[in-house]
Amino acid sequence: MSLSSLADAVGAALYRQVGRANGRVQRHRPLAVDVLENETGYLVVFDAPGTGPDDIQVRYLEGTVTVKIDRFRQFHDGYEMRFPGRGMELEGEADLPGDALVEPDAGTATLSETGALRIEIPKHSAIDDGEIEDASTAEDASDTEPGTDEIPIDD
């Protein structure tokens, strides 16, 4: 083995380790999230790129929306993994305001083609006032934004 090939091998090994460390950091850093509110409900938006609907778990418990993502790294024929830097297991959570009265069973979660996870949770008063249509009486899924997939919300 020449000095040049030894240096290349060491460099490649270090590069892979840096990528793995970066993936671990992502695993422990929460997902970016926005919490928005209007008269009828809350909208919680997480960045979840590179995921599919089957990769995501959404839970609502005592005022907190929790998201867990276990995504899969796609293989690409003819390419070798040089830098495995994306975390495969990601988590995030968002707290609703302390005085929020919501109906989590009427909530919906959708994932866009660009990886935006949108969780809509109606306020309790909106359900009582009839402003929000019950999911069981909704006309059809064609109202869903194109390029989105629905995800169940557990409570």
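Two residues are in contact when heavy atoms of each lie within 4.5 Å. The structure is a predicted model, in which local features need pLDDT of at least 70 and side-chain atom pairs count only at pLDDT 80 or more, while totals for chains, interfaces and linings use all residues. Residues are numbered from 1 along each chain as its sequence is written, and side-chain values use heavy atoms, with hydrogens and water left out.

The protein chain contains 2 helices and 9 strands, where helices (H or I, at least four residues) and strands (E, at least two) are DSSP runs numbered from the N terminus. Read from the N terminus, the order of elements is α-β-β-β-β-β-β-β-α-β-β. Of contacts between residues at least 6 apart in sequence, 61% join residues at least 24 apart.

Of the 155 residues, 31% are buried, that is, under 20% relative accessible area, with exposed meaning over 50% and partly exposed in between (1.4 Å probe, protein chains only). The largest nonpolar core has 23 residues, and F46, V58, V67, L117 and I119 have the most contacts inside it. Such a core is a set of buried Ala, Val, Leu, Ile, Met, Phe, Trp, Tyr and Cys residues joined through side-chain atoms within 4.5 Å. Two or more residues each come from β2 (41–47), β3, β4, β5, β6 (108–112) and β7 (116–122). Leaving aside neighbours within four places in sequence, V58 is in contact with residues including V67, L117, I119 and I153.

T108 belongs to strand β6. With a relative accessible area of 31%, T108 is partly exposed. Not counting residues up to four places away in sequence, T108 touches R118, I119, E120 and I153. The C-alpha atoms of T108 and I119 are 5.7 Å apart, although 11 residues separate the two along the chain.

Elsewhere, K123 lies over the face of Y42, at 5.4 Å from the ring centre; a charge sits over a ring if NZ of Lys or CZ of Arg is within 6 Å of the ring centre and within 35 degrees of the ring normal.
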